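The following exercises are to be worked with the sequence and the coordinates at hand. Each task is followed by a solution in steps.

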Amino acid sequence: MAQEHRQYYKEKLYYNVDPAQPGTFWNEDTDGDGLSNRLEFLYGRDPLVPDNFGIIEILTENLDQGTFVIGIRLNPEALGGFNIIPQYSKGLDVWNEGLFYIEPFGIPTQNADGTETHYFKAKGPKPKKAFMRIVITDE
């Protein structure tokens, strides 16, 4: 994350937040792109620029071998405040999580903007169709 973005968050978090309304800044969508400022911080995005591209990445080079990998771009400075939960489904009706279904894949990739891309791989025999998603919750 660029230095000016860090400074923006720091100023809003520590100096400009109304104590009578904690969390107001985090719930706002300052740039109107559909991501709250809190998610912008997690993803390492600029809260003043409307963009939400590049958050999720699907690796397709090994699909023919049955490897299904999904990646998510995250700001390492924000990781302590969120749970990142990858989930797997064969038909969208039931979602499964845990190392029996999905596992970390490789080490996080360092991106030029200071974010990291974390990858997860589905385990076990692959059905003809499968789905993966990443659920983000407060820690």
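**Exercise 1. A charge over a ring**

Task: Which residue lies over the face of tryptophan 95?

Solution. The criterion asks for NZ of Lys or CZ of Arg within 6 Å of the ring centre and within 35 degrees of the ring normal. Arginine 133 meets the description, lying over the face of tryptophan 95 at 4.0 Å from the ring centre.

**Exercise 2. Conventions, confidence and overall composition**

Task: State the basis of the model, then describe its confidence and its secondary structure.

Solution. This is a predicted model, in which local features need pLDDT of at least 70 and side-chain atom pairs count only at pLDDT 80 or more, whereas totals for chains, interfaces and linings use all residues. Residues are numbered from 1 along each chain as its sequence is written, and side-chain values use heavy atoms, with hydrogens and water left out.

Step 1: confidence. pLDDT is the predictor's confidence in each residue, from 0 to 100. The chain has a mean pLDDT of 79, with 73% of its residues at 70 or more. Confidence is lowest in helix H1 (residues 3-14), with a mean of 60, and highest in S6, at 92.

Step 2: secondary structure. Helices (H or I, at least four residues) and strands (E, at least two) are taken as DSSP runs, numbered from the N terminus. The chain holds 3 helices and 8 strands, in the sequence pattern α-α-α-β-β-β-β-β-β-β-β.

Step 3: burial and contacts. Buried means under 20% relative accessible area, exposed over 50%, and partly exposed in between (1.4 Å probe, protein chains only). Of the 139 residues, 33% count as buried. With contact defined as heavy atoms within 4.5 Å, residues 24 or more positions apart account for 57% of the contacts with a separation of 6 or more.

**Exercise 3. A three-stranded sheet**

Task: What is the order of the strands in the open sheet of 3 strands, and how many bridges join S3 to S8?

Solution. Step 1: pairing requires that DSSP find at least two bridges between two strands. The order is S4-S3-S8, with antiparallel pairing. Strand S4 (96-97) and strand S8 (131-138) are the edge strands, each pairing on one side only.

Step 2: S3 and S8 pair over 8 bridges; serine 89 has phenylalanine 131 in S8 as its bridge partner. Strand S3 (residues 82-89) pairs with S4 over 2 bridges. There, glutamine 87 stands opposite glutamate 97, and tyrosine 88 has asparagine 96 as its bridge partner.

Step 3: the hairpin of S3 and S4 has 6 residues between the strands. Leucine 92, in this loop, has a positive phi of about 70 degrees although it is not a glycine. Leucine 92 is partly exposed, at 47% relative accessibility.

Step 4: asparagine 96 of S4 is partly exposed at 21% relative accessibility. Apart from neighbours within four places in sequence, asparagine 96 contacts Pro86, Gln87, Tyr88 and Tyr101. Its C-alpha atom is separated by 9.4 Å from that of methionine 132, 36 residues apart along the chain.

**Exercise 4. An aromatic pair**

Task: How many aromatic pairs does a search of the whole structure find?

Solution. Step 1: rings of Phe, Tyr and Trp (its six-membered ring) pair if their centres lie within 6.5 Å; planes under 30 degrees apart count as stacked, over 60 as edge-to-face and the rest as tilted. The search finds 1 pair. The ring centres of phenylalanine 100 and tyrosine 101 are 5.0 Å apart and the planes stand at 85 degrees, so the pair is edge-to-face.

Step 2: phenylalanine 100 is exposed, at 67% relative accessible area, whereas tyrosine 101 is partly exposed, at 28%.

**Exercise 5. Two further residues**

Task: Are glycine 71 and threonine 115 buried or exposed?

Solution. Step 1: glycine 71, in strand S2 (residues 69-74), is buried because its relative accessible area is 0%. Not counting residues up to four places away in sequence, glycine 71 touches Ile55, Ile56, Glu57, Thr117, His118 and Tyr119. The C-alpha atoms of glycine 71 and threonine 117 are separated by 6.0 Å, although the two are 46 residues apart along the chain.

Step 2: threonine 115 lies in the loop between strand S6 (109-110) and strand S7 (116-122) and is buried, at 1% relative accessibility. Its side chain makes a polar contact with the side chain of aspartate 113 at 2.6 Å. A polar contact is a pair of N or O atoms within 3.5 Å; within protein, one must be able to donate a hydrogen and the other to accept it, and residues adjacent in sequence count only if both atoms are side-chain atoms.
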